[in-house]
Each structure stands twice: as C-alpha cells, then as structure tokens.
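Thank you all for making time this morning.

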Amino acid sequence: MPKVIFIFDKAKETIEKIIDAETGQNILEIALDNGIGLAHNCGGVCACSTCHVHVLEGMENLSEMTEEEEERLDKAWDLQLNSRLGCQAVVSGNVKVKIP
Ligand code: FES
C-alpha cells in the first residue's frame, strides 16, 4: 500500500499528512478522499492546472507524464521541474508532494 505524504499550509501553519493510498489512485483522488483541499476546477480532466503539486520524493512512483499534461502544466502558477498535475499523476509507490 503506497504511502502518500502531503505538505500544505493551513492557517499559516505547515501541515504534513501521511496517507495510506491504493495503487492506481491519482494524487487528486487521494487528497479529496482524505479531506485535503487540493483545487480541481475542471473536475480532474486535465483542463485547468489548479491541481498542480510539487513532487518532493517518489517521482519514479508516479505514472509517466502525457503530452496533454505537459501542455497544461505550462500554464500552472509556480511551475518547477518536479511539477505534476494531481489529477493525472497515478500512484504506484511512496510519494511526497507539496501543494504550492
Ligand atoms: S483538476 Fe483540472 S487539471 Fe487537474
């Protein structure tokens, strides 16, 4: 069972939440199932980039990025080399992500 660690700011505090996820779930699904506020304006169909996260560890445990995701990510705020769209990144092992 993959462990997914989310790091995010809430009320000026940095919170770290460790979640046991199911293989095959994407980062957005895991966040929403566990009450973590990851934006998803398009509903998870790779059409907005609001579900953008920075992958701090475990990039190799995420599904490969598609061309569609790459194009969409180009429009994301605070884009980094380790950026992924939560709705497109499917988990197969341990991952640590930060919500920018
Ligand atoms: S929720 Fe819109 S791109 Fe992921």
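Predicted model: local features only at pLDDT ≥ 70, side-chain atom pairs only at ≥ 80, totals over all residues.

Asp78 sits in the loop between helix 2, residues 67–73, and strand 4, and although it is not a glycine, Asp78 has a positive phi of about 60 degrees.

Let me now step back to the whole chain. There are two helices and five strands in the chain, and read from the N terminus on, the elements follow the order β-β-α-β-α-β-β. The radius of gyration is 12 Å, which is close to the 13 Å that the globule rule gives for 100 residues, so the chain is as compact as a globular protein of that length. Along its principal axes, the C-alpha trace spans about 30 × 30 × 25 Å. Of the 100 residues in the chain, 26% are buried, and when we take the contacts between residues at least 6 apart in sequence, 64% of them join residues at least 24 apart.

The five strands form an open sheet in the order 2-1-5-3-4, with mixed pairing. Strand 2 and strand 4, the latter covering residues 83–85, stand at the edges with a single partner strand each, and therefore one side of each is left without a neighbour in the sheet. On average, and with direction ignored, neighbouring strands of this sheet are turned by 35 degrees against each other.

Strand 1 and strand 2 run antiparallel and are joined by eight bridges, and one of the residues involved is Phe8, whose bridge partner in strand 2 is Ile15. These two strands form a hairpin with two residues between them. Ala11, which lies in the loop between strand 1 and strand 2, has a phi near 50 degrees, a positive value in a residue other than glycine. Ala11 is exposed, because there are 5 other C-beta atoms within 10 Å and the cut-off for an exposed residue is 12 or fewer. The other pairing is that of strand 3, residues 52–57, with strand 5, residues 95–98, which is antiparallel over three bridges, and here His54 has Lys98 in strand 5 as its bridge partner.

Leaving aside its neighbours within four places in sequence, Ile19 is in contact with Val4, Phe6, Ile30 and Asn34. Its C-alpha atom is separated by 5.6 Å from that of Lys3, although Ile19 and Lys3 are 16 residues apart along the chain.

If we set aside residues up to four places away in sequence, Ile27 touches Val53, Gly86, Ala89, Val91 and Val97.

I would like to finish with Asn26, which is found in the loop between strand 2, residues 13–20, and helix 1, residues 27–33. Why does Asn26 count as buried? The reason is that Asn26 has 21 C-beta neighbours inside 10 Å, where 20 or more is the cut-off for a buried residue. Again not counting residues up to four places away in sequence, Asn26 touches Gly86, Cys87, Gln88, Ala89, Val90 and Val91. The C-alpha atoms of Asn26 and Ser83 are separated by 14 Å, and these two residues are 57 residues apart along the chain.

How values were computed: Residues numbered from 1 in each chain as written. Helix = DSSP H or I, 4+ residues; strand = E, 2+ residues; numbered from the N terminus. Contact = placed C-beta atoms within 7 Å. Pairing = 2+ DSSP bridges. Axes fitted to C-alpha atoms, helices over the stretch in contact; angles between N-to-C directions. Rg over C-alpha atoms; globule rule 2.2 N^0.38 Å.
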